[in-house]
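User: I am new to reading protein structures. Can you walk me through one, feature by feature?

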Amino acid sequence: MAISITLENIDELNALLKVEVKEEDYRSDVENLLKDYRKKANLPGFRAGKTPMSLIKKKYGISAKVERINQMLTDELNNYLQNEELNFLGNPLPVMQDINWESDTDFVFEYEMGLIPEFEVKISKRNKLNYFKIAVDDAMVDKYAEDIALRYGKMIQPDAASNGDMVYGEFQELDAEGNVIEEGIQHKSTVMIDKIDSDAIKGQFIDSGVGTRVEMNPKDAFTTEADLTDMLGIDASQVAELSENFAFTFETVQRMEAAELNEELFAKLYPDNSVTTEEAFRAKLREEAEGMYSGESDMRFKNDAVDYLMSKTAFDLPDGFLKKWIKANQENPISDEDLEKEYENYKKSLRWQIIEGHIAKENEIKIENDELKSETTRLVKLQMAQYGQTEVDENTLSGIVDNVLNNEDERKNIAQRVFDGKMINLFKEKFKIEESIVTMDEFIASVQGK
């Protein structure tokens with residue numbers, strides 16, 4: 001006889017799932033399980049596999065019964081929920097019951113279920129959303145060109161330091177007369193001039209060369225504890241009692257000299273010879289920046305679409321069940337007080353997951369393995385290009401892509417990127433879009449304004 005499962009709707013949002021298990025449903029399976037136990041049993045006074053079944057039942061009968069019934073419950077519940085295609089939240093929660101596993105032979109197990117009500121998501125050209133497109137101006141292109149030129153530049157040692165240079169030298173603790181304390185703090189560090197917090201101290205570094213000695217209060221030069229401990233090679237516990245008198249003596253001055261914007265640099269950046277002139281280089285940078293900023297615009301657009309759909313799509317959720325489900329599925333225990341504080345955020349996130357899933361199902365949005373590989377390949381190439389590796393053989397690239405996708409967390413992240421891209425494209429297709437051209441500052445202000 002098959003296990004009996006019935007669903008009782010309590011209201012629109014809650015249901016009770018009842019699973020009836022009779023002795024004939026599990027008896028033979030338990031007997032087979034005990035036979036396996038007997039084959040492996042090694043009890044004193046009996047050869048392996050020769051222990052009387054009465055002793056096996058006495059020792060293992062209850063645990064075998066519990067094991068088999070629990071496995072049957074898991075299997076039958078999963079099959080039922082898949083076959084019935086119920087629109088439910090999370091997973092069923094068992095109702096606490098008094099069960100006498102030793103004497104009871106027939107059982108009725110009950111599970112609370114939270115249901116998702118019927119709802120409709122309306123998106124049409126009557127719904128208008130703004131799309132903020134970030135304009136890439138000449139100043140941005142100049143900045144990108146400067147950054148790339150510095151990245152491919154070379155280190156030189158000028159006679160005198162300028163803002164942006166690095167100075168390597170030694171910090172030495174001084175006494176009140178300006179003499180080095182032999183047992184005091186002495187530490188060699190590299191100081192980035194533009195990271196010095198005091199303009200007065202920074203001024204002593206600029207236009208100075210090897211051998212220069214600058215006296216200072218290090219707490220004025222480096223106002224964060226992390227910078228201070230790093231520069232002086234001390235522990236955080238020493239900061240409070242730190243002397244105000246230190247000297248820093250220059251040993252070397254280093255400067256990153258930018259590479260020239262010429263064919264040699266362009267060939268390194270674009271081995272396919274697609275860029276051979278500075279004009280083409282700047283055009284390429286503008287194109288790449290527009291592509292990068294389009295991602296920012298897309299995410300802002302998606303967030304606006306989410307806010308709009310959340311405000312226009314109304315349905316209730318079973319709060320009582322949902323709170324129980326959240327507590328039951330937390331890795332770390334959460335108090336009722338903390339749950340109440342965070343509940344609205346949980347609920348908001350869940351509501352969007354439900355709406356998003358509904359939209360994806362209605363529009364048959366799925367993620368194929370080929371799409372994951374394609375997106376991963378694009379991301380790997382992009383990352384390698386940032387380190388100057390613009391040409392990679394196909395076998396090496398394929399191996400890297402496979403390694404990335406074999407990492408479960410990475411695979412999930414990339415799948416989410418692909419899914420988000422499909423949702424954004426769907427929203428662009430379904431909504432009426434009003435495009436606004438904005439500067440980066442205006443874009444940031446609009447985001448912060450929200």
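**Reading the model, step by step**

Analyst: Tyr168 lies in strand S7. Let us start there. Keep in mind that this is a predicted model.

User: Is Tyr168 buried, exposed or partly exposed, and which cut-offs decide?

Analyst: Buried means under 20% relative accessible area, and exposed means over 50%. Tyr168 has 31% relative accessibility, so it counts as partly exposed.

User: How covered is strand S7 as a whole?

Analyst: Mostly covered. Six of the eight residues in S7 (residues 166–173) are buried.

User: Which residues does Tyr168 touch, leaving aside its neighbours within four places in sequence?

Analyst: The contacts of Tyr168 are Lys188, Ser189, Thr190, Phe248, Thr249, Phe250, Glu251 and Thr252. Now try a residue that is elsewhere. Asp29 is 139 residues apart from Tyr168 along the chain, and their C-alpha atoms are separated by 77 Å.

User: How do I read strand pairing?

Analyst: Start with the general idea. Strands of a sheet pair through backbone hydrogen bonds, and the pairing is either parallel or antiparallel. Now the case here. S7 pairs with strand S8 (residues 186–192) in the antiparallel sense, over seven bridges. S7 also runs antiparallel to strand S10 (residues 246–257), joined by eight bridges.

User: Which residue in S8 is the bridge partner of Glu170?

Analyst: Lys188 is the bridge partner of Glu170. Towards S10, Gln172 stands opposite Ala247.

User: What is the strand order in the open sheet of four strands?

Analyst: The order is S1-S2-S4-S3, with antiparallel pairing. S1 (4–9) and S3 stand at the edges with a single partner strand each, so one side of each has no neighbour in the sheet. Direction ignored, neighbouring strands of this sheet are turned by 25° against each other on average.

User: How many bridges join S1 to S2?

Analyst: Six bridges join S1 to strand S2 (residues 14–21), and the two run antiparallel. Within S2, Val19 stands opposite Ile5.

User: How should I think about a nonpolar core?

Analyst: In soluble globular proteins, nonpolar side chains tend to be buried together. Here the largest nonpolar core has 34 residues. Leu309, Trp352, Ile354, Ile355, Ile359 and Phe427 touch the most other members. Several elements give two or more residues to this core: strands S3 (88–94) and S5 (128–134), and helices H8 (278–312), H9 (319–328), H10 (336–362) and H13 (408–430). The largest share, eight residues, comes from H10.

User: Which residues are in contact with Leu309, leaving aside neighbours within four places in sequence?

Analyst: Leu309 is in contact with Val121, Lys122, Ile123, Trp352, Ile355, Ile359, Phe427 and Phe431. Apart from this core lies another, of 24 residues, among them Ala15, Leu34, Ala64 and Leu115.

User: Is Lys302 buried or exposed?

Analyst: Lys302 is found in helix H8. Its relative accessible area is 9%, which is under the 20% cut-off, so Lys302 is buried. Leaving aside neighbours within four places in sequence, Lys302 is in contact with Glu356, Asp420, Ile424 and Phe427.

User: What should I look for among aromatic rings?

Analyst: Look for ring pairs and clusters. The count here comes to 15 aromatic pairs. One aromatic cluster is formed by Phe171, Phe205, Phe222, Phe248 and Phe250.

User: Which residues have a charge over a ring?

Analyst: Take two cases. Lys323 lies over the face of Tyr343, 4.9 Å from the ring centre. The charged end of Arg351 sits over the ring of Phe315, at 4.7 Å from its centre.

User: Which residues other than glycine have a positive phi?

Analyst: Asn273 and Glu364 are examples. Phi of Asn273 is near 65°, and phi of Glu364 is near 55°.

User: Where do they lie, and are they buried or exposed?

Analyst: Asn273 lies in the loop between helix H7 (263–269) and H8. Asn273 has a relative accessible area of 57%, over the 50% cut-off, so it is exposed. Glu364 is found in the loop between H10 and helix H11 (369–386). Glu364 counts as exposed too, at 68% relative accessibility.

Key:
Residues are numbered from 1 along each chain as its sequence is written. This is a predicted model: local features need pLDDT of at least 70, side-chain atom pairs count only at pLDDT 80 or more; totals for chains, interfaces and linings use all residues. Side-chain values use heavy atoms; hydrogens and water are left out. A nonpolar core is a set of buried Ala, Val, Leu, Ile, Met, Phe, Trp, Tyr and Cys residues joined through side-chain atoms within 4.5 Å. Buried means under 20% relative accessible area, exposed over 50%, partly exposed in between (1.4 Å probe, protein chains only). Contact means heavy atoms within 4.5 Å. Rings of Phe, Tyr and Trp (its six-membered ring) pair if their centres lie within 6.5 Å; planes under 30 degrees apart count as stacked, over 60 as edge-to-face and the rest as tilted. A charge sits over a ring if NZ of Lys or CZ of Arg is within 6 Å of the ring centre and within 35 degrees of the ring normal. Two strands pair if DSSP finds at least two bridges between them. Axes are lines fitted to C-alpha atoms, for helices over the stretch in contact, and angles run from 0 to 180 degrees between N-to-C directions.
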